[in-house]
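Please keep the sequence and the structure in view while reading.

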Amino acid sequence: MKAKQIENYIIENYGECKHDPKQLSKALKQTAKFFNLDTFKLFLLIIENRPIDEANTHSYGFHTPNGREIVNTFKYFYYN
C-alpha cells in the first residue's frame, strides 16, 4: 500500500492519522514480503486486528504465536 492510501483509509475510518504513513507503508511492505502476505490484509491486521486466515493469526479471537510474530516483526520494521 502506498502512504497516501494508508493515510486516506485511516482518516476516513478514524478521523485522523497519528502515525507516519510513509513509515507504515515501508514496514507493511517489508513485513508482507518477509511472511509472504497480502499487504492490505496485513494492514487490516495491524490497524483493525482483523485475522488473516491463511496465516493463522488468530484463535478464538486471540493472536496465535504466528500472529504475534507477524505483529512484532511489523513493529520492528516500523520503529527501526
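Asn36 is exposed, with a relative accessible area of 72%; exposed means over 50% relative accessible area, buried means under 20%, and partly exposed lies in between, using a 1.4 Å probe and protein chains only. The model is predicted, so local features need pLDDT of at least 70 and side-chain atom pairs count only at pLDDT 80 or more, while totals for chains, interfaces and linings use all residues. Residues are numbered from 1 along each chain as its sequence is written, and side-chain values use heavy atoms, with hydrogens and water left out.

**Loop residues**

Asn36 lies in the loop between α2 and α3. Helices (H or I, at least four residues) and strands (E, at least two) are DSSP runs, numbered from the N terminus. Most residues other than glycine have a negative phi. Asn36 is not a glycine, yet its phi is positive, at about 55°. Asn49, also not a glycine, has a positive phi of about 60°. Asn49 is found in the loop between α3 and β1, and is partly exposed at 38% relative accessible area.

Thr57 is in the loop between α3 and β1 (58-59). Is Thr57 buried or exposed? Thr57 has a relative accessible area of 0%, so it is buried. Leaving aside residues up to four places away in sequence, Thr57 touches Leu45, Pro51, Ile52, Phe62, His63, Thr64, Gly67 and Ile70. Contact here means heavy atoms within 4.5 Å.

**Helix α1**

Helix α1 covers residues 3-14, twelve residues in all. From its first C-alpha to its last, α1 reaches 16 Å, close to the 16 Å expected at 1.5 Å a residue; the expected span is 1.5 Å times one less than the number of residues. Ile6, Tyr9 and Ile10 are buried in α1. Seen down the helix axis, the buried residues of α1 fall within an arc of 95°, so they line one face of the helix. The arc is taken from the directions from the helix axis to the C-beta atoms. An α-helix has 3.6 residues a turn, so residues three or four places apart point the same way. Lys4 and Glu12 are exposed residues on the face of α1 turned away from its buried side. The cover over the buried residues of α1 includes α2 (21-35) and α3 (39-48). Just after α1, Gly15 has a positive phi of about 95°.

**Helices α3 and α4**

α3 and helix α4 (residues 65-79) pack at an angle of about 90°, with their axes 11 Å apart. Axes are lines fitted to C-alpha atoms, for helices over the stretch in contact, and angles run from 0 to 180 degrees between N-to-C directions. This angle makes α3 roughly perpendicular to α4, a term used for 65 to 115 degrees. Leu42, Leu45 and Ile46 of α3 make the contact with Ile70, Val71 and Phe74 of α4.

**Aromatic rings**

How many aromatic pairs does a search of the whole structure find? The search finds seven. Rings of Phe, Tyr and Trp (its six-membered ring) pair if their centres lie within 6.5 Å; planes under 30 degrees apart count as stacked, over 60 as edge-to-face and the rest as tilted. Two of the pairs are listed here.

| Pair | Centres apart | Angle of planes | Type |
|---|---|---|---|
| Phe34 and Phe35 | 5.0 Å | 80° | edge-to-face |
| Tyr78 and Tyr79 | 4.9 Å | 85° | edge-to-face |

Phe34 counts as exposed at 57% relative accessibility. Tyr78 is buried, at 13%, whereas Tyr79 is exposed, at 61%. Tyr9, Phe40 and Phe43 form one aromatic cluster.

Note on methods: Parallel < 35°, antiparallel > 145°, perpendicular 65-115°, else oblique.
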